[in-house]
There are 2 protein chains.
Amino acid sequence: MKAETQSFNLADELVQRAPYEAAALLEEQDDEAAVQALDTVNPLIAQQILHELDDRRRAELLAAAPVEMARQWMRNREYPEDSVGWLMEPPVAVFRPHMTVGETVEALRMLTKKSFITYGYVTDENNKLVGVLVMRDLMLSESGRKLQDVMYTNLFTLVPEMELTDAMTAVLNRHVPVYPVCNRQGHLLGLVRGQDLFEARAIELSAQPGNMVGVNEEERLGTPVRRSLWMRHPWLQVNLLTAFAAGAVVGLFQDTLDRVVILAAFLPILAGQSGNTGCQALAVCLRGLTLGDLKQGDQKRLFVKEAVLGFWNGVLVGIVAALGMFGYAMFSGRGDALMLALVVWVAMVVSCVVSGVAGALIPLVLRRFGADPATASSIFLTTATDVISMGTFLGLATLLVDK
Amino acid sequence: MKAETQSFNLADELVQRAPYEAAALLEEQDDEAAVQALDTVNPLIAQQILHELDDRRRAELLAAAPVEMARQWMRNREYPEDSVGWLMEPPVAVFRPHMTVGETVEALRMLTKKSFITYGYVTDENNKLVGVLVMRDLMLSESGRKLQDVMYTNLFTLVPEMELTDAMTAVLNRHVPVYPVCNRQGHLLGLVRGQDLFEARAIELSAQPGNMVGVNEEERLGTPVRRSLWMRHPWLQVNLLTAFAAGAVVGLFQDTLDRVVILAAFLPILAGQSGNTGCQALAVCLRGLTLGDLKQGDQKRLFVKEAVLGFWNGVLVGIVAALGMFGYAMFSGRGDALMLALVVWVAMVVSCVVSGVAGALIPLVLRRFGADPATASSIFLTTATDVISMGTFLGLATLLVDK
């Protein structure tokens, strides 16, 4: 009991750390406690931690783990990160089709002493999955019946290379606790628990707002300052480079600003509005990708929708902003207050339309280039919206407002 | 088979729509198909859809559903939205402690014909949960034994009022497919599947980047333009009001800008940098809240960490920005290039420190006021970072740069 409590706490500690920190923690633990904790946490987390361990320590833990578990850990490492393959557990209860229900129940009596078994699996002599056994059915069947007459043969399986996003979409409406994972030839490679799948996905999803602004998925609240700095800083330098683009646009119109200095106060207003409008479109598009709502061919409709939304949002917000400019210009004693208000309004409409489309476009472009659609998306977007909104505003002012 | 395929498709359609649209879709379906689809989707989604149905249609569907399901739907509505209570399914397989294993297996033989049963539950005469039955144990026990000798009595239960976030944290390391839900008195109220819990949570989490910029959780890719406009626009008006604050700060320093117009080009650079620095802190803090990492008393440490990070990020990014200003000012033929560069550097350090702390602070303040910590957090944050960064920059310039 003591050991169990201790290992449960260790598992909690592992879950709250970045994988490399969890790996460091396991260095100091005895093998048995470490293996037990790795068996307790989500298999994806276990795999990430194993990945971070140095070769010597990993070999020690693999040697200390039960054979099937060690073999499964080795096998899972062959698959890409964040794929279904990383989540697999060993399919302990595997039987042959000609076995009887009675024989199977006796075998399960032994197996359940050391493993948590939900379903049995029936494979042929080539390890090809041919059926799934439900305990309830075994319990309710005569003991002389053969498994091939009792098993479910209408199989739903996952493929190990599948990304977690796709797997989540695939199982969204199947209320099954465990899914068998088979390769293209139908060979049984492991099991994935629905809960582990969604748990892994939830942990991944909780990192999305951070990904958008250049926070690494590894960073957690407990990550040391030095490591956080190391991971976050490069994206801030990227952000600075892109911000120079926005600064350059303003610099380009320095003469106009020099003549009509009240324009400056509206720069952050236009940038802020189009930035937020774009971020709304970005978030909705990302969510569509996450939940699998975006079908092939839907993209054009999405762009049109965001353009229309940007237009109306720009029109309405632009009216309020234009009124603000009109009052401010009048107060400053300028005779061209009406023209200035018009410039604000038009610039707001144009930049909200472009920002909306840009917000929907950026995650799709990132995905096209093989990147995660959320990665630094907000950094790229705000640069685009800054350049567009302030460029349009100052450009129009240069054309339409004299002195 | 035909009907089943059709209802499966209907379930898929429901999942991809906002609840009010899904409710509209159910208006046109026959009762049986509608009930079957509602039984297929995640119970949280079913509950949201039932909530949106008009009273007449909801009464029709409740009448068409099996009694236990209808009763459970009614019961779940008593609990707050996004609580465990909304996710409950009926605990169909309920037995008494003095029943024998044999009697129970016979009862299960009937029950399993119409329901998907994972565990049995044992309650006393007051419906208080006293034990959980695992099929495996029933299968492996002699049929004359009493349930009270076979059942698990070391119970883990959820409370219906619990928020999904807290429930997810509570079950994170328990690999159990179904959790019983009991009130404070221990009465069994329903069951929650681990998968449903994490699925509901994943759908909720995927809405977080949108929540941060004022997109409603209801909005999906298929939401009509008019509805999207209606839901997104109010937050854009809020954003505009807060942007006026940033504009006012710039307006305050109009004289300085008038004299030193090259400052204008650095306004978007400072705003962009401190905005992104703050968003990084915001995202990490939100994630900590989501995954339950933030313990009581950790807050101060979090603020200190973000302040330190902001300082070093500001120092390093500020050097590059200051070099940019130095070159630009030299190129513009100004004699005070060094002082201008210093102003940029100091403003960058100050605003990155304050932005980092603000990013960590805002979700905690929102939560303190009973709001979702993500709601519009990005809107509030960027206003703060705009005001701080541009205010510091222009304030310092006013003090230190003449002409």
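Trainee: Is B:Tyr179 buried or exposed?

Mentor: Good place to start, and keep in mind that this is a predicted model. Buried means under 20% relative accessible area. B:Tyr179 has a relative accessible area of 1%, so this residue is buried.

Trainee: Which kind of aromatic pair do B:Phe156 and B:Tyr179 form?

Mentor: Their ring centres are 5.7 Å apart, with 75° between the planes. Planes over 60 degrees apart count as edge-to-face. The pair of B:Phe156 and B:Tyr179 is therefore edge-to-face.

Trainee: How many residues apart in sequence are the parts that B:Phe156 and B:Tyr179 tie together?

Mentor: B:Phe156 lies in the loop between helices H9 (147–150) and H10 (164–171) of chain B. B:Tyr179 belongs to strand S4 (residues 178–182) of chain B, so the parts tied together are separated in sequence by 23 residues.

Trainee: And in chain A, what kind of pair do A:Phe266 and A:Tyr328 form?

Mentor: Here the centre-to-centre distance is 6.2 Å and the angle between the planes is 35°. Stacked needs under 30 degrees and edge-to-face over 60, with the rest counted as tilted. That makes the pair of A:Phe266 and A:Tyr328 tilted.

Trainee: Where does A:Tyr328 lie?

Mentor: Its partner A:Phe266 sits in the loop between helix H14 (254–259) and helix H15 (267–290) of chain A. The pair ties together parts 62 residues apart in sequence, because A:Tyr328 lies in helix H16 (residues 299–331) of chain A.

Trainee: Which residue lies over the face of A:Tyr20?

Mentor: Look 3.5 Å from the ring centre of A:Tyr20. The residue lying over that face is A:Arg227.

How values were computed
Residues numbered from 1 in each chain as written. Chains lettered and ligands numbered in written order. Predicted model: local features only at pLDDT ≥ 70, side-chain atom pairs only at ≥ 80, totals over all residues. Heavy atoms only, no water. Phe/Tyr/Trp six-rings, centres within 6.5 Å; stacked < 30°, edge-to-face > 60°. Helix = DSSP H or I, 4+ residues; strand = E, 2+ residues; numbered from the N terminus. Buried < 20%, exposed > 50% of the residue type's maximum accessible area, 1.4 Å probe, protein only. Lys NZ or Arg CZ within 6 Å of the ring centre and 35° of its normal.
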